[in-house]
Amino acid sequence: MRRILGVLAVVLGLGLAQFSVENLKPSLAAVGGTQGFGLEASWHCQLFQPPVGEVRPALDVGYDVNGNWNGAFLFRYLYPLAEGLKGGVGLGVVIPGFQFGNTSLYFRADAEYDLKATLGAPLFLGGDLGVAAGKLAAQLKVGYRF
């Protein structure tokens with residue numbers, strides 16, 4: 001177990017050494033799903049690139065029409081499925097209502113379709129299906145990538 005943790009620490013450390021603010025990719029999306037409707041702001045960057053796909057840390061901040069704030073930090077592995085379409089999985093933590101004592105493990109599978117080639121604008125369609133704090137969370141989103 002120590003060896004596995006040591007290898008993970010080295011890999012993530014090497015990836016974080018390549019991190020720069022210029023590589024941050026912010027996006028803003030309208031979302032709707034099991035948690036209601038709202039807005040989600042997200043920041044992610046490429047941490048490292050295995051032979052196929054890419055690993056990205058992501059920070060998501062959401063606000064819904066009921067006045068609830070949510071946050072999540074996770075590592076995502078994205079895999080190209082077709083031109084403009086990526087699928088992936090992520091593992092991290094979710095912080096409902098930004099109450100740090102209420103933090104729980106978060107797993108999600110997601111897909112994103114980049115509409116830039118089709119529409120000429122940096123828009124995307126996406127969908128997430130995840131489990132956080134033992135509850136199923138699913139959402140669809142339409143967003144703009146800055």
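On a 1 Å grid over the protein atoms alone, a cavity is a set of points where a 1.4 Å probe fits but cannot get out, and its lining residues have an atom within 4 Å of a point. This is a predicted model, where local features need pLDDT of at least 70, side-chain atom pairs count only at pLDDT 80 or more, and totals for chains, interfaces and linings use all residues. Residues are numbered from 1 along each chain as its sequence is written, and side-chain values use heavy atoms, with hydrogens and water left out.

With grid points joined across faces, edges and corners, and volume taken as the space filled by probe spheres set on the points, you get one cavity of 30 Å³ or more. The largest cavity comes out at about 70 Å³. Here's who lines it:

| Item | Largest cavity |
|---|---|
| Volume | about 70 Å³ |
| Lining | Ser27, Ala29, Glu40, Ser42, His44, Asp60, Arg76, Arg108, Glu112, Phe124, Lys141 and Arg145 |
| Lining classes | two nonpolar, three polar and seven charged residues |

For those classes, Ala, Val, Leu, Ile, Met, Phe, Trp, Tyr, Cys and Pro are nonpolar, Asp, Glu, Lys and Arg are charged, and the others, Gly among them, are polar. β2 gives the largest share of this lining, three residues. Strands here are DSSP runs (E, at least two residues), numbered from the N terminus.

Now for glycine 53, which sits in the loop between β2 (36-44) and β3 (54-64). Leaving out residues up to four places away in sequence, glycine 53 touches Tyr77, Leu78, Tyr79 and Pro80, with contact meaning heavy atoms within 4.5 Å.

Methods
Helix = DSSP H or I, 4+ residues; strand = E, 2+ residues; numbered from the N terminus. 1 Å grid on protein atoms, 1.4 Å probe; cavity = no way out; pocket = protein on both sides within 12 Å on 5 of 7 lines; lining within 4 Å.
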